[in-house]
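Biologist: I'd like a close look at one part of this model, and I'm new to this. Could you take it slowly?

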Amino acid sequence: MGCSCSNGAILMVLLVVVVLLGVAGVPSVLGQSPVFACDAGKSPSVSSFGFCDASLGMDERVKDLVGRLTLDEKVGFLVNKAAAVSRLGIPAYEWWSEALHGVSYVGPGTHFSSQLVPGATSFPMVVSTEARAMYNVGLAGLTYWSPNINVFRDPRWGRGQETPGEDPLLTSKYAVHYVRGLQQTDGEDPNRLKVAACCKHYTAYDVDNWKGIQRYTFDAQVTKQDMDDTFQPPFKSCVIDGQVASVMCSYNKVNGIPTCADPNLLAGTVRGDWKLDGYIVSDCDSVDVLYNSQHYTKTPEEAAAKSIMAGLDLNCGKFLGQYTMGAVKAGILNESAINTAITNNFRVLMRLGFFDGDPSKQPYGKLGPKDVCTPQNQELAAEAARQGIVLLKNSKGSLPLSASSIKSLAVIGPNANVTKTMIGNYEGVPCKYVTPLQGLSAYTSTVYQPGCLSAWCPPNNFQPDAAVKAASDADATVLVIGADQSVEAEGRDRVDLTLPGQQQQLVSQVANAAKGPVILVIMSGGPFDISFAKASDKISSILWVGYPGEKGGTAIADVIFGKYNPSGRLPVTWYPQSFADKVPMTNMNMRPDPSTGYPGRTYRFYTGDTIYLFGDGLSYTQFNHRLVRAPKLVSLSLENGHPCLSENCKEVDMAENMCQDLAFDVHLNVQNVGQMHGSHTVFLFFTPPSYTGSSPKKQLLGFEKVFVRSKSAELVRFRVDVCKDLSTVSELGERKLLLGSHILHIGSLRHSLSVSV
């Protein structure tokens with residue numbers, strides 16, 4: 001299970017799901033009816049039930065429903081395929097649907113029909129509309145287990161493609177905007193949901209299958225410090241700021257305890273500290289896994305009891321349906337715990353309008369196939385793909401190409417004419433692809449030679465000769481290489497960072513023979529060691545496009561030929577192969593350990609060599625920064641008698657009275673001094689005082705995207721909350737504000753800010 005965004009660079013720009021599937025026209029054919037309860041037209045008696053009375057309060061309705069159910073019926077609502085209760089007018093409901101890259105066919109809750117809804121888009125606000133439209137014709141549910149907000153900690157992780165990247169702040173903002181895009185109703189009523197989102201996989205989950213180490217048995221050993229400043233913040237933001245309707249616990253253990261049976265993580269943190277208004281669901285068969293694979297309990301009934309008492313509300317799978325009744329009969333689980341779980345589940349369905357009767361008479365009831373594949377959604381797909389493309393290298397005079405001067409273009413590589421590869425995983429059924437070859441062919445005459453027959457590019461399907469000949473004859477060459485789901489995927493972590501198979505040889509041979517400029521396009525979710533290409537004089541430009549969606553070919557061509565000025569930024573660090581040689585994927589420590597040579601992870605802590613940095617990305621124009629406003633001193637107001645008023649303190653604990661309204665502004669003038677209009681993403685980082693040695697090297701405070709016309713300037717503003725943004729986490733997991741000199745970073749600018757008492 002899992003989901004999120006295959007092209008995290010788009011994320012950096014939009015803060016929303018960004019790798020799109022694209023869309024096309026759909027016949028307006030009526031399908032079967034949606035699944036809903038309280039159908040008074042079919043069963044008039046349901047009108048007398050309190051839970052069917054939309055005029056009553058939510059809590060009153062849920063209490064009425066739970067009170068009418070037998071224990072057997074209650075157990076039926078603990079699993080994803082919830083059983084029907086025909087005597088109460090409640091149909092069977094499938095909770096499991098996915099919406100990472102559009103309304104997805106992954107999960108049994110969604111069905112595509114070539115005659116009803118053949119395709120959908122993966123932009124959150126569009127997804128929710130298309131999901132409702134598909135629900136109205138009986139092809140989709142209302143509960144979607146997306147997004148994936150795990151931090152992309154290790155570049156080899158097969159599911160990193162689903163996430164927004166390696167930075168906790170970026171991931172947190174992504175989570176909030178994604179959830180709001182899916183859930184928010186047109187009237188923004190907090191008690192109502194358009195569709196229900198789910199933030200996953202909670203928590204410290206980012207090993208799937210590495211050298212035989214499986215996610216089902218992996219025990220993530222995580223320090224309190226790393227837990228609180230890296231792994232937990234996205235989930236905390238998702239629940240508190242995004243008000244997500246669901247959190248999914250993961251397969252793995254954390255410090256010896258399965259996450260789906262950990263009362264501290266579930267009932268204590270998600271439900272207690274963060275106040276989740278929704279349900280907690282297991283990853284699929286996680287409860288079965290903690291019993292049969294992790295052997296956490298002696299009996300299946302004990303596994304069911306421990307999970308429910310820990311705070312689990314819904315089991316993706318059959319386990320709770322099979323063993324919960326036995327747990328009650330054995331006296332190890334009270335019926336009241338089951339009542340609590342299904343209350344949380346029903347409350348979400350109530351907010352979705354599932355118990356309000358005929359959906360056609362409710363908000364969104366008129367949506368249908370005509371609203372799924374619209375021209376506007378198609379253009380949104382293409383625009384999001386354009387904004388996600390990252391320009392990593394551009395030798396002078398290389399890009400953009402001129403369509404009038406390039407009369408022949410060699411298009412080469414295993415990903416040069418792919419379709420399904422472009423849409424990543426947890427995908428739906430797109431209506432129309434535009435491959436890179438098709439996109440480029442719209443600008444000029446092309447000659448296509450794959451060079452390899454698959455992304456793995458093994459020796460037996462390595463065919464460089466025709467590709468080399470094409471490059472030697474053409475005015476320019478575009479090589480489209482990288483990965484696909486056979487290289488990186490759920491259940492498939494990489495073991496190295498080099499290009500698959502013979503791809504590097506293909507690139508080198510083609511580049512050496514090419515008559516004109518060579519543009520290397522990397523299509524992948526995770527990073528590669530492409531140091532050879534970065535250093536090569538024969539390779540003039542490098543683009544990373546992620547998995548760009550159905551309209552990827554259009555976007556790639558628009559950037560290469562200068563119709564669009566690239567503005568994407570890398571959401572992850574690109575490491576050399578030596579990192580994979582030396583660092584086990586299973587070491588969860590974020591911080592470096594000089595005593596062992598362990599280099600740490602991500603831009604915040606990593607001390608080793610890099611190929612490219614988090615946030616790297618070039619433009620066809622040049623932007624200059626000038627700091628207009630930022631304080632040099634921030635003074636803390638401490639209570640009388642505070643020890644730091646008389647002692648030489650290096651840090652202070654967070655205190656509500658000290659932190660209230662303690663904020664400052666940073667204003668930046670961004671000037672476009674080049675010849676081309678363009679968008680620019682401005683990152684504000686800070687480096688705290690390094691008293692402890694465990695503080696980040698630098699950390700993202702915020703980012704803004706601004707469009708600046710050529711020879712013009714724009715003002716960018718940041719608001720910095722001192723306690724929230726400048727604090728760090730101690731080894732005990734406590735937030736501290738370090739006193740002394742903090743350095744603000746914006747591009748090449750550095751500004752010293754003193755925090756004192």
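Which cysteine does a disulfide join to Cys 249?

Modeller: That would be Cys 260, with the two sulfurs 2.0 Å apart. A disulfide here is a pair of cysteine sulfur atoms within 2.5 Å. Before we go on, this is a predicted model: local features need pLDDT of at least 70, side-chain atom pairs count only at pLDDT 80 or more, and totals for chains, interfaces and linings use all residues. Residues are numbered from 1 along each chain as its sequence is written, and side-chain values use heavy atoms, with hydrogens and water left out.

Back to your link. The torsion about the S-S bond of Cys 249 and Cys 260 is 105°, which is right-handed. The pair ties together distant parts of the chain, 11 residues apart: Cys 249 sits in strand E7 (residues 246-249), while Cys 260 is in the loop between strand E9 (257-258) and helix H8 (264-273). Those labels are DSSP runs numbered from the N terminus, helices (H or I) having at least four residues and strands (E) at least two. Both Cys 249 and Cys 260 are buried, that is, under 20% relative accessible area, where exposed is over 50% and partly exposed is in between (1.4 Å probe, protein chains only).

Another one joins Cys 199 to Cys 238, S to S 1.8 Å. Its torsion is about 75°, so that disulfide is right-handed. Cys 199 and Cys 238 are both buried, too.
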